[in-house]
Amino acid sequence: MIIWIASYPKSGNTWVRSLLSAYLYSDDGIFNFGLLNKIQQFPSKKYLKFFLKDFKDIKEVSKYWIAAQDRINLLSEGTTFLKTHSALCTLENNSFTNKSNTKAAICVVRDPRNIITSFSHHYSLNIDQAFDFINDKKTMVLANEYGVGDFGVATVLGNWSEHYKSWQNIKFAPILVIKYEDLIKDTKNTFILILNFLKTLMDIRIDEKKIINTVD
């Protein structure tokens, strides 16, 4: 089943992916960029190409959210970690995910004021444009827009507030909310908090030396 690493863009998702991929998929906990491939993004062409060809039509994409996840879980043994920037939403009566496919979620949250400045720098927007982006309830990320080279598939974001609430209020799976600011302030102990959460869901060992290597 799937454990989601969910966040609004520019909130620290890749950081958490880096920590987890280094710890879970290496012998010594030392990070290399190849390990990020162990935790893929959803939705993405990799998982939806079996069902459709038009990845920019969000209504068509939403029809196959669950089918794609069913296929992931059918072909995978144990736990699959997936990164997502999607809101936990329902579109055209299609749910983004469900109890059958989801084991748990780690929600990474960042102060939206800092997301605005990060968006501004990353996408060469002015502050007002970045502010409008994260407050637009109809925001989607498309392959030919802000998600070039990353998303590749139409993805529902919504505004920052609704996105955060959608995951925080998940009813069918346990969730751990991690603050980006806590990762900065105390990376090691925040990461240990994540590992202890995962320990209740899967068979992992808490290894102090490996944790230090990962954080370093």
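A: We can start with the pairing of two strands: 5 bridges join β6 to β9, and the two run parallel. Within this pairing, V108 stands opposite I178 in β9. Keep in mind throughout that the model is predicted.

Q: What order do the strands of the open sheet have?
A: The general idea comes first. Strands of a sheet pair through backbone hydrogen bonds, either parallel or antiparallel. Here the open sheet has 5 strands in the order β2-β3-β1-β6-β9, with parallel pairing. At the edges stand β2 (40–41) and β9 (175–179), each with a single partner strand, so one side of each is left without a neighbour in the sheet.

Q: How many bridges join β1 to β6, and how many join β1 to β3?
A: β1 is joined to β6 by 6 bridges, in parallel, and I2 stands opposite T102 in β6. With β3 (residues 80–84), β1 pairs in the parallel sense over 5 bridges. The bridge partner of A6 in β3 is T84.

Q: Which side chains of β1 point one way, and which the other?
A: In a regular strand the side chains alternate between the two faces of the sheet. In this model I2, W4 and A6 point one way from β1, while I3, I5 and S7 point the other way, and all are buried. Buried here stands for a relative accessible area under 20%. For strand β1 (residues 2–7), 6 of the 6 residues are buried, so the strand is largely enclosed by the rest of the structure.

Q: What does a search of the whole structure find in the way of cavities of 30 Å³ or more?
A: The search finds 1 cavity of that kind, and the volume of the largest cavity is about 50 Å³. Its lining consists of S7, Y8, S11, C107, V108, V109, R110, W160, H163 and Y164. The elements that give two or more residues to this lining are β6 (102–109) and α7 (160–168). By residue class, the lining divides into 6 nonpolar, 3 polar and 1 charged.

Q: How many aromatic pairs does the count come to?
A: To read a pair, look at the distance between ring centres and the angle between the planes; over 60 degrees counts as edge-to-face. The count comes to 15 aromatic pairs. One of them is Y23 with F191, which is edge-to-face at 5.7 Å centre to centre and 80° between the planes. Y23 lies in helix α1 (residues 13–24) and F191 in helix α9 (residues 187–199), so the pair ties together parts that are 168 residues apart in sequence. Y23 is buried at 3% relative accessible area, and F191 is buried at 0%.

Q: Why is the pair of F42 and Y47 called tilted?
A: The ring centres of F42 and Y47 are 6.1 Å apart and the planes are at 40°, so the pair is tilted. Both residues are buried. They also belong to one aromatic cluster, formed by W4, F42, Y47, W65, F96 and W167.

Q: Which charged residues sit over rings?
A: Two cases can be given. R71 lies over the face of F50, at 3.5 Å from the ring centre. The charged end of R110 sits over the ring of Y180, 4.3 Å from its centre.

Q: Where is the cis peptide bond?
A: As background, most residues other than glycine have a negative phi, and most peptide bonds are trans. In this model a cis peptide bond joins F42 and P43, with omega about 0°. P43 is found in the loop between β2 and α2 (45–48).

Q: What is the phi of N93, and what is that of S124?
A: N93, which is not a glycine, has a positive phi of about 70°. N93 is in the loop between β4 (90–91) and β5 (94–95), and is exposed with a relative accessible area of 76%. For S124, also a residue other than glycine, phi is positive and near 55°. S124 lies in the loop between α5 (112–122) and α6 (127–135), where S124 is exposed at 65% relative accessible area.

Note on methods. Residues are numbered from 1 along each chain as its sequence is written. Side-chain values use heavy atoms; hydrogens and water are left out. On a 1 Å grid over the protein atoms alone, a cavity is a set of points where a 1.4 Å probe fits but cannot get out, and a pocket is an open set with protein on both sides within 12 Å along at least five of seven lines; lining residues have an atom within 4 Å of a point. Grid points are joined across faces, edges and corners, and a volume is the space filled by probe spheres set on the points. Helices (H or I, at least four residues) and strands (E, at least two) are DSSP runs, numbered from the N terminus. Ala, Val, Leu, Ile, Met, Phe, Trp, Tyr, Cys and Pro count as nonpolar, Asp, Glu, Lys and Arg as charged, and the others, Gly among them, as polar. Rings of Phe, Tyr and Trp (its six-membered ring) pair if their centres lie within 6.5 Å; planes under 30 degrees apart count as stacked, over 60 as edge-to-face and the rest as tilted. Buried means under 20% relative accessible area, exposed over 50%, partly exposed in between (1.4 Å probe, protein chains only). A charge sits over a ring if NZ of Lys or CZ of Arg is within 6 Å of the ring centre and within 35 degrees of the ring normal. Two strands pair if DSSP finds at least two bridges between them.
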